Amino acid sequence: MTEDGAVDGDDEELLTIGAFAARSRLSAKALRLYDRLGLLAPAHVDEASGYRYYRAAQTERARLVALLRRLDMPLARVAEVVAAVETDGAGAAGLLAAYWADVESRVAGQRTLAEYLRARLSGRDSDMYGKFVVETVDVPEQVVVTETRHTLASELPAWIGASLTRLEGAARACGGVTAAPYVVYHSEVSMESDGPAECCVPVADERAARAWAAAGGRSWETAVRIEPARRLAYTRITKAQVAHPQIMAAFEAVEQWIAQRGLAQAGPCREVYFTDWGAAGPQDPVCDAAFPVE
């Protein structure tokens, strides 16, 4: 063994776990964990002593793991990136980009939530509501295909995405989508209350829509109805602001605006999605938080 912890191997110098830890900037404890997970296995394990030895060529992989962990990337996703590096560098970069987009979206949502809570706790609700611009729009009568479900707030985003995808697919057989999809909350949806919520997609052909609903049965609580012409009071919000409970600030701002102008709510609140959710960034406008008014 050399002074730096290296030992002679058949083809390449082997490093003790201590020496390799120093070179790779990982602790010996982390290296043992990554070995158990199959993320970074030693090149050789002495059968008698159980000592682990690593090749110097493994240093680059070990340093990549260390850097990914500094991004707080879960070990399972680190394994995906590291495995992709060996076969497809561009694919590995894409996996990293997707992870970081998720991080930025989560942080943006947390920032919005922190602002909401700070205003609540300090009694500055009016300042918070003042950040929202409220306007009105007249919406004509629409034929809509719908799905209804009782769901808690934690389950809501996944259900909305899946439901609107199904409904937009059905709309192709019903003359096409004629206006922005929306979600109606017939009762409160929170971590304790499960609604129900109703996903709605406006379509062109009522007869085809009713045939689709009849064929679909009750498996997804599908229906067709005529949504009457309405005037909506709404405020436009970003993707980061859509998450619960920070979206409540937007709805409360619209409610306050309605009351200040002597108007009355004429139906349950709704979220109107007017752009491609998947393509939008955290700060991109994606949704109108709205109430029908009269």
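A disulfide here is a pair of cysteine sulfur atoms within 2.5 Å. Keep that cut-off in mind. What we have is a predicted model.

Take Cys200 to begin with. Its closest cysteine sulfur sits in Cys199, 7.2 Å away, and that is too far for a bond. Is Cys200 buried or exposed? Cys200 counts as buried because its relative accessibility is 0%.

Now Cys269. This residue is in no disulfide either. The nearest cysteine sulfur belongs to Cys287, at 10 Å. Cys269 is buried as well, with a relative accessible area of 16%.

On to the nonpolar cores. The largest one has 42 residues. Which residues have the most contacts inside it? They are Ile160, Tyr185, Val203 and Ile237.

Where does this core come from? Several helices and strands each supply at least two residues. The helices are α7 (156–171), α8 (206–216) and α9 (247–260). The strands are β6 (142–149), β7 (182–185), β8 (197–203), β10 (230–238) and β12 (285–293). The largest share, 8 residues, comes from α9.

Let me zoom in on Ile237. Leaving out residues up to four places away in sequence, what does Ile237 touch? Its partners are Phe132, Val242, Ile247, Ala250, Asp284, Pro285, Val286, Cys287 and Ala289. Note Cys287 in that list. Its sulfur is the one nearest to that of Cys269.

Terms used
Residues are numbered from 1 along each chain as its sequence is written. This is a predicted model: local features need pLDDT of at least 70, side-chain atom pairs count only at pLDDT 80 or more; totals for chains, interfaces and linings use all residues. Side-chain values use heavy atoms; hydrogens and water are left out. A nonpolar core is a set of buried Ala, Val, Leu, Ile, Met, Phe, Trp, Tyr and Cys residues joined through side-chain atoms within 4.5 Å. Buried means under 20% relative accessible area, exposed over 50%, partly exposed in between (1.4 Å probe, protein chains only). Helices (H or I, at least four residues) and strands (E, at least two) are DSSP runs, numbered from the N terminus. Contact means heavy atoms within 4.5 Å.
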